[in-house]
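Please look through the sequence and the three-dimensional structure shown here, and then read the briefing that follows, which is arranged by topic.

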Amino acid sequence: MKPETLYSNKQLLEFNNESNTGLDSAFRVGTAEKMDFGSGQLVHSLHLSEIPKWQKNNQTSLLTSVLQCVPNDSTTEVFFESTAKGIGE
């Protein structure tokens, strides 16, 4: 069974329909260049990649913005994935 798709583009894949009776689930893709990615969203699973390679002036504000979207709950997950390069180098 394939879920209904409301949006499918480079930044958003949303499984829902016009009457909001679908899965009401989505994948969102953003880059570290956007300083407020995730604002106003409810995120249950967050994957952050290569944070040491983000622009130094964006790291703190972007992390603050996106981590506030993840509730402190046993059903949520935050993944930090990176290579061995240290933050701020």
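**Briefing**

Glu 14 is found in strand β2, which covers residues 12–15, where helices (H or I, at least four residues) and strands (E, at least two) are DSSP runs, numbered from the N terminus. The model is a predicted one, in which local features need pLDDT of at least 70 and side-chain atom pairs count only at pLDDT 80 or more, while totals for chains, interfaces and linings use all residues. Residues are numbered from 1 along each chain as its sequence is written, and side-chain values use heavy atoms, with hydrogens and water left out.

- Glu 14 is buried and yet has no salt bridge, and the nearest side chain of opposite charge, that of Arg 28, is 4.8 Å away.
- In these terms, buried means under 20% relative accessible area, exposed means over 50%, and partly exposed lies in between (1.4 Å probe, protein chains only), while a salt bridge is a side-chain nitrogen of Lys or Arg within 4 Å of a carboxyl oxygen of Asp or Glu.
- When residues up to four places away in sequence are not counted, Glu 14 touches Glu 4, Thr 5, Leu 6, Tyr 7, Ser 25 and Ala 26, a contact being defined as heavy atoms within 4.5 Å.

**Strands and their pairing**

- Strand β1, made of residues 7–8, pairs with β2 in the antiparallel sense over two bridges, and two strands are said to pair if DSSP finds at least two bridges between them.
- β1 and β2 form a hairpin with three residues between them, and Ser 8 stands opposite Leu 13 in β2.
- On to the next pair: β2 and strand β3 (residues 25–28) run antiparallel and are joined by four bridges, with Glu 14 standing opposite Ala 26 in β3.
- The three strands make an open sheet in the order β1-β2-β3, with antiparallel pairing.
- The edge strands of this sheet are β1 and β3, since each of them pairs on one side only.
- As a general point, strands of a sheet pair through backbone hydrogen bonds, and they may do so in a parallel or an antiparallel way.

**The salt bridge**

- A search of the whole structure finds one salt bridge, in which the side chains of Glu 50 and Lys 53 meet at 3.9 Å, taken from N to O.
- Glu 50 is buried, with a relative accessible area of 17%, whereas Lys 53 counts as exposed at 52% relative accessibility.

**A residue in the helix**

- Asn 58 has its place in helix α1, which covers residues 56–67, and Asn 58 is buried because its relative accessible area is 3%.
- Asn 58 and Val 43 are 15 residues apart along the chain, and their C-alpha atoms are separated by 20 Å.

**The protein as a whole**

- The secondary structure comes to one helix and five strands, which follow the pattern β-β-β-β-α-β when read along the sequence.
- The C-alpha trace spans about 45 × 30 × 25 Å along its principal axes, and buried residues make up 26% of the 89 residues.
- Among the contacts with a separation of 6 or more, 48% are between residues 24 or more positions apart.

Methods:
Lys and Arg count as positive and Asp and Glu as negative; His and the chain ends are not counted.
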